[in-house]
Protein chains: 2
Amino acid sequence: VEDVDFSNLVISVVGLGVIGGSFAMALQQVKPGKLYGIDKDKGVLKKAEEMGIIDKGYTDASIPLKRSDIVIICIYPRQIYGFMKQNMNNFKLGAIVTDSAGVKIKLAGRLQDILPPDIDFIFGHPMAGREKKGIDYASGTVFQGANYIITPMPYNKEDNIRFIENLMIKIGFKRVSRISCAEHDRFISYTSQLPHAIAVALVNSDEYQEDIGLFIGDSYRELTRIAKINEELWAELFLENGDNLVKQIEMFESKLEEIKTFVLKKDRDALINCFKKACKRREAID
Amino acid sequence: VEDVDFSNLVISVVGLGVIGGSFAMALQQVKPGKLYGIDKDKGVLKKAEEMGIIDKGYTDASIPLKRSDIVIICIYPRQIYGFMKQNMNNFKLGAIVTDSAGVKIKLAGRLQDILPPDIDFIFGHPMAGREKKGIDYASGTVFQGANYIITPMPYNKEDNIRFIENLMIKIGFKRVSRISCAEHDRFISYTSQLPHAIAVALVNSDEYQEDIGLFIGDSYRELTRIAKINEELWAELFLENGDNLVKQIEMFESKLEEIKTFVLKKDRDALINCFKKACKRREAID
């Protein structure tokens, strides 16, 4: 990790929800010259100021953006286009802009015609979060040990990509990877959207209802925690990445059907092989 | 919780794997007169003695069984028949015997003709465990706050059922429920076996392999932890409860298909309703 002095740099975080709030907290570690918060909700900005996690909050983005060397956008994916369009002329020359959206292809396509030439928008995805929304659930440690993904675009400057990599490692991420937007959206449909679809389907396939809490163990609790889902955000992520998600659901269904078939055929050996394969794969990512 | 003096009682735990070992540890809290371990593996018995979690270990079950007021059987479900048959005449008059098997109907059916009339076999299911096997992973706290299920049989004595309920609460279980074997096996196929089938299928539907560890977050980690599965035990549980499990898999598949259809139709409202329903249900069991 390169040693960068952040004390001359101004950072703005756009959207102080659970992710933006967590970034503001985690960024304290690099001691930026100034850290501004941008949000449409004055109450949230006031709370962030009182928590001491931003120097000042703004509902008018143009004021802090003009001074910001780094901008981290933490609003819902589909709001990013509107934000960028509205603020096209408000960025500081040479600013590095990044986001935290969980889907990339459609976003990159939408933005390509409106990105100002004198800023560098580097797509980023912090693979960490919480099932709750809002600044009250923000945490300065939620990124500790987590994965971070950058999907570089041809127009990104290598130095700026390195700067973001460096910053993310500094605030706690363990590994930063670079992949294309297409790979990102494929991988993420498997590692993130599919698990959420599964958790929701599992909870919704409860025929018993009222008493089920008496008959569950840790496995059910763990597999369904993320069914406490932010419905607006995840509807957006599912629809933005629909083609990939549908393919992943079908691949998963085929593997589950395999298990069902082994059970129906009472094929113990096939079940054991299937379990051994899963066990080996899962142990490899610990 | 009734106040029982355990200092005059002798307890034996049969099978000192992760569950039997955890029972031996947790039972220290009630200070039994004697606590014996029964296992076919001398090394495991020696280890349990050295750990101080049993007073003495036996490979010959007949010696401790003759003295035991309470026997907790923690071997694989399909081994219980053989153990009971072999030891039919070794139990103390009036002994309370219980098990920890995750499936009940077939087990109860198999045992009905060989249970000695002068003992009371009360079927129990501790809904807690770990993905690892063996005494090295036993834990005296794994039952803390967990659910425990009893499936009473017509021949069980009410006092003895109450005794087991009382004991389980004393060693850390939070809630003890009574349901029929049929209900038990239906509920458990949903809350326990289905999640394991899902975790295995999710890990096995990874097309990307080597790099996937770089692109996962907590949700994937959590949904797949139990894919580190004890393959022998779970093949047995799946096959012992095959009819219920197949029905549950199909119910789950239909709910996942629902989500897939909403995504294909780009039906945001339906997705949001589906997420809201899941969220509400999951919050209710926290």
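This is a predicted model: local features need pLDDT of at least 70, side-chain atom pairs count only at pLDDT 80 or more; totals for chains, interfaces and linings use all residues.
## The interface

Start with the contact itself. Chain A gives 84 residues to it, and chain B gives 84 residues. The size of an interface is often given as the accessible area lost when the parts come together. Here the area buried between the two chains is about 8,700 Å². Carbon and sulfur atoms give 66% of that area.

Polar links also cross the boundary. Between chain B and chain A, 42 residue pairs are in polar contact. Ten salt bridges span the interface of the two chains.

## What chain B brings

Several elements of chain B give two or more residues to the side that touches chain A. Among them are two strands, strand 7 (147-151) and strand 8 (175-178). The helices are helix 7 (181-204), helix 8 (218-224), helix 9 (231-240), helix 10 (242-264) and helix 11 (268-284). Helix 10 of chain B supplies the largest share, 17 residues.

What kinds of residue make up this side of chain B? It divides into 45 nonpolar, 14 polar and 25 charged residues.

## Symmetry

Two copies of a chain are related by a rotation about an axis and a shift along it. In this model, a rotation of 180° superposes chain B on chain A, with 0.0 Å of shift along the axis. The RMSD is 0.0 Å. That is the relation of a two-fold axis. In chain B, the C-alpha nearest the axis belongs to L223(B), and it lies 2.4 Å away.

Do the copies meet through the same surface or through different ones? Of the interface residues of chain B, 100% are also interface residues in chain A, so the copies meet through the same surface.

Now look at K260(A). Its side chain forms a salt bridge with E250(B), with the closest N and O atoms 2.8 Å apart. This pair crosses between chains: K260(A) sits in helix 10 (residues 242-264) of chain A, and E250(B) in helix 10 of chain B. K260(A) also meets E253(B) in a salt bridge, at 3.8 Å from N to O.

E250(B) has a relative accessible area of 36%, so it is partly exposed.

## Salt bridges within a chain

Over all chains, the whole structure holds 36 salt bridges. Some join residues of one chain. In chain A, E50(A) and K46(A) form a salt bridge, with their closest N and O atoms 3.7 Å apart. The two are four residues apart in helix 2 (residues 42-51) of chain A, so about one helical turn separates them. Both E50(A) and K46(A) are exposed.

In chain B, the side chains of E158(B) and R178(B) meet in a salt bridge, at 2.9 Å from N to O. This pair links distant parts of the chain. E158(B) lies in helix 6 (residues 158-170) of chain B, while R178(B) lies in strand 8 of chain B, 20 residues apart. E158(B) is partly exposed, at 35% relative accessibility. R178(B) is partly exposed too, with a relative accessible area of 35%.

Terms used:
Residues are numbered from 1 along each chain as its sequence is written. Chains are lettered from A and ligands numbered from 1 in the order in which they are written. Side-chain values use heavy atoms; hydrogens and water are left out. Contact means heavy atoms within 4.5 Å. Buried area is the accessible area (1.4 Å probe) that two parts lose on being put together, summed over both. A salt bridge is a side-chain nitrogen of Lys or Arg within 4 Å of a carboxyl oxygen of Asp or Glu. A polar contact is a pair of N or O atoms within 3.5 Å; within protein, one must be able to donate a hydrogen and the other to accept it, and residues adjacent in sequence count only if both atoms are side-chain atoms. Ala, Val, Leu, Ile, Met, Phe, Trp, Tyr, Cys and Pro count as nonpolar, Asp, Glu, Lys and Arg as charged, and the others, Gly among them, as polar. Copies are superposed by least squares on the C-alpha atoms of residues with pLDDT of at least 70 in both. Buried means under 20% relative accessible area, exposed over 50%, partly exposed in between (1.4 Å probe, protein chains only).
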